[in-house]
Amino acid sequence: MPTLTKLFSMQETAEHNSKDDCWVVIDGKVYDVTSYMDEHPGGDDVFLNAKGKDAQEEFEEAGHSQDARDLMETFCVGELDPSAATIPEPKVISKKDDILQKIKDLPIQYWAVPAVGIAVIVGFLYLRK
């Protein structure tokens with residue numbers, strides 16, 4: 001007797017996004033990896049960063065062995081519903097890039113005050129000699 005495959009939307013899988021409840025999608029299959037997160041050699045961040053998208057590319061880039069692929073199948077809970085709408089991929093901006101952009105967007109008067117202050121201090125130190 002064939003087994004029925006449970007279908008999940010990407011939105012539904014993306015809701016399981018914590019260390020205590022984590023699902024990932026790889027090649028259209030949905031995996032509940034909650035119980036494996038502490039044992040994963042790459043750490044739990046790998047799974048938490050894969051939420052809301054199909055992580056097939058990242059999985060392949062990591063070069064998993066056949067044993068890892070076999071183990072992965074034990075965590076399969078269903079498949080991604082191809083008819084369900086996908087959620088948009090979040091735009092990731094690092095804090096460093098965000099801070100640099102904010103600095104670049106500052107008006108000139110915010111740059112002038114520190115520049116004049118530095119010039120006054122350097123002039124004062126020069127005249128003291």
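**Entry 1: a turn to begin with**

The model I am reading is predicted. What is the phi of D27 near? I find it near 55 degrees, a positive value in a residue other than glycine. Most residues other than glycine have a negative phi, so I marked the spot. Is D27 buried or exposed? Its relative accessible area is 58%, and exposed means over 50%, so D27 counts as exposed.

**Entry 2: the chain as a whole**

Next I stepped back to the whole chain. I count six helices and five strands. From the N terminus on, the elements run β-α-β-β-β-α-α-α-β-α-α. The chain has 129 residues, and buried residues make up 21% of them. I also looked up how far apart contacting residues sit in the sequence. Among contacts with a separation of 6 or more, 65% join residues 24 or more positions apart.

**Entry 3: the nonpolar cores**

I went looking for the cores. In soluble globular proteins, nonpolar side chains tend to be buried together. How many residues does the largest nonpolar core have? It has 14, and those with the most contacts inside it are C22, V24, I26, Y31, V33, M37 and F47. Strand 3 and helix 2 each supply at least two residues of this core. Strand 3 gives the largest share, three residues.

Setting aside its neighbours within four places in sequence, I26 is in contact with Y31, D54, A55, Q56, F59 and M72. A second, separate core has six residues, including M10, W23, V25 and V30.

**Entry 4: the aromatic pairs**

I then searched for ring pairs. The structure holds three aromatic pairs. One of them is F8 with W23: edge-to-face, 4.9 Å centre to centre, with 75 degrees between the planes. This pair links distant parts of the chain, since F8 sits in strand 1 (residues 7-8) and W23 in strand 3, 15 residues apart. Why does F8 count as buried? Its relative accessibility is 4%, and buried means under 20%. W23 is buried as well, with a relative accessible area of 11%.

Y36 and F47 form another edge-to-face pair. I note 6.4 Å centre to centre and 65 degrees between the planes.

**Entry 5: more on Y36**

I stayed with Y36. Its relative accessibility is 17%, so Y36 counts as buried. What does Y36 touch, not counting residues up to four places away in sequence? I list P41, F47, L71 and F75. I checked L71 for distance. Y36 and L71 are 35 residues apart in sequence and 10.0 Å apart in space, C-alpha to C-alpha.

**Entry 6: the largest pocket**

Last, I looked for open space. Rolling a probe the size of a water molecule over the atoms shows where empty space is left. The largest pocket has a volume of about 440 Å³. Its lining has 22 residues, and the closest to the pocket centre are H40, V46, F47, F59 and H64. Which elements give two or more residues to the lining? They are strand 3 (21-26), helix 2 (45-48), helix 3 (56-61) and helix 4 (66-73). By class, I count 16 nonpolar, three polar and three charged residues in the lining.

I followed up H40. It lies in the loop between strand 4 and helix 2. Is H40 buried or exposed? With a relative accessible area of 14%, H40 is buried. Beyond its neighbours within four places in sequence, H40 is in contact with V46, F47 and H64.

F47 is listed in the largest nonpolar core, in a ring pair with Y36 and by the centre of the largest pocket.

Definitions and conventions: Residues numbered from 1 in each chain as written. Predicted model: local features only at pLDDT ≥ 70, side-chain atom pairs only at ≥ 80, totals over all residues. Heavy atoms only, no water. 1 Å grid on protein atoms, 1.4 Å probe; cavity = no way out; pocket = protein on both sides within 12 Å on 5 of 7 lines; lining within 4 Å. Points joined across faces, edges and corners; volume = space filled by probe spheres on them. Helix = DSSP H or I, 4+ residues; strand = E, 2+ residues; numbered from the N terminus. Nonpolar A, V, L, I, M, F, W, Y, C, P; charged D, E, K, R; others polar. Core = buried A, V, L, I, M, F, W, Y, C linked by side-chain atoms within 4.5 Å. Buried < 20%, exposed > 50% of the residue type's maximum accessible area, 1.4 Å probe, protein only. Contact = heavy atoms within 4.5 Å. Phe/Tyr/Trp six-rings, centres within 6.5 Å; stacked < 30°, edge-to-face > 60°.
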